[in-house]
Structure formats: C-alpha cells, structure tokens
Amino acid sequence: MLDFLLWNKIARVIAQLATTLNVSNDRALAIFYDSEVCKMLHNPEFGLHLMSDTYIVNDLIEELRMKQ
C-alpha cells in the first residue's frame with residue numbers, strides 16, 4: 001500500500017516538474033531519478049514523502065540551480 005502511495009506521489013511530482021520546467025515527461029523523469037531529492041524521497045528517514053508535491057518540486061528545482 002505504501003509503495004502505491006509513493007509511486008503516485010512520484011508520478012505527480014514528475015508531472016508538475018515537467019510543467020514547471022516546460023520539458024517532456026520523459027525528461028522530467030530523468031531529472032527526477034538523477035537527483036538527490038529522489039534518493040531522499042525513497043528514504044523514509046528524511047520524511048520527504050510527507051511533504052507536498054510542490055515542496056518536492058521546489059527542492060528539485062533548487063538542486064538543479066545548485067548544480068549549474
């Protein structure tokens with residue numbers, strides 16, 4: 001059950017990231033799975049799975065900015 005909820009959250013985050021960055025869903029998927037935020041989201045110790053989708057997307061965008 002929890003995996004299903006996490007998968008749904010990840011799908012929503014990827015869709016919102018694609019819209020925000022104006023990229024394809026495939027590109028957003030690649031960005032997400034190449035991020036530290038993804039690792040944190042999969043680790044329940046961080047509690048990121050409890051945050052809103054927008055919060056997670058903003059973290060992803062901030063991570064992208066820091067990489068540049």
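Visitor: Which residue does Glu 63 meet in a salt bridge?

Guide: First, a heads-up: this is a predicted model, where local features need pLDDT of at least 70, side-chain atom pairs count only at pLDDT 80 or more, and totals for chains, interfaces and linings use all residues. Residues are numbered from 1 along each chain as its sequence is written, and side-chain values use heavy atoms, leaving out hydrogens and water. A salt bridge here is a side-chain nitrogen of Lys or Arg within 4 Å of a carboxyl oxygen of Asp or Glu. At 3.5 Å from N to O, the partner of Glu 63 is Lys 67.

Visitor: How many residues apart are Glu 63 and Lys 67?

Guide: Helices are DSSP runs (H or I, at least four residues), numbered from the N terminus. Glu 63 and Lys 67 both sit in helix α4, about one turn of the helix from each other, and that spacing is 4 residues.

Visitor: Which helices does the salt bridge of Asp 53 with Arg 12 link?

Guide: The closest N and O atoms of Asp 53 and Arg 12 are 2.7 Å apart. The two residues are 41 apart in the chain, and the helices are α4 (residues 53–67) for Asp 53 and α1 (residues 2–21) for Arg 12.

Visitor: How are α1 and α4 set relative to each other?

Guide: Axes are lines fitted to C-alpha atoms, for helices over the stretch in contact (heavy atoms within 4.5 Å), and angles run from 0 to 180 degrees between N-to-C directions. The two axes are 9 Å apart, at an angle of about 55°. Under 35 degrees counts as roughly parallel, over 145 as roughly antiparallel, 65 to 115 as roughly perpendicular, and the rest as oblique. So α1 and α4 are oblique.

Visitor: Which residues are linked with Asp 53 in a network of salt bridges?

Guide: Asp 53 has 15% relative accessibility, so it counts as buried, while Arg 12 is partly exposed at 42%. The network joins Asp 53 with Arg 12 and Lys 9.

Methods. Buried means under 20% relative accessible area, exposed over 50%, partly exposed in between (1.4 Å probe, protein chains only).
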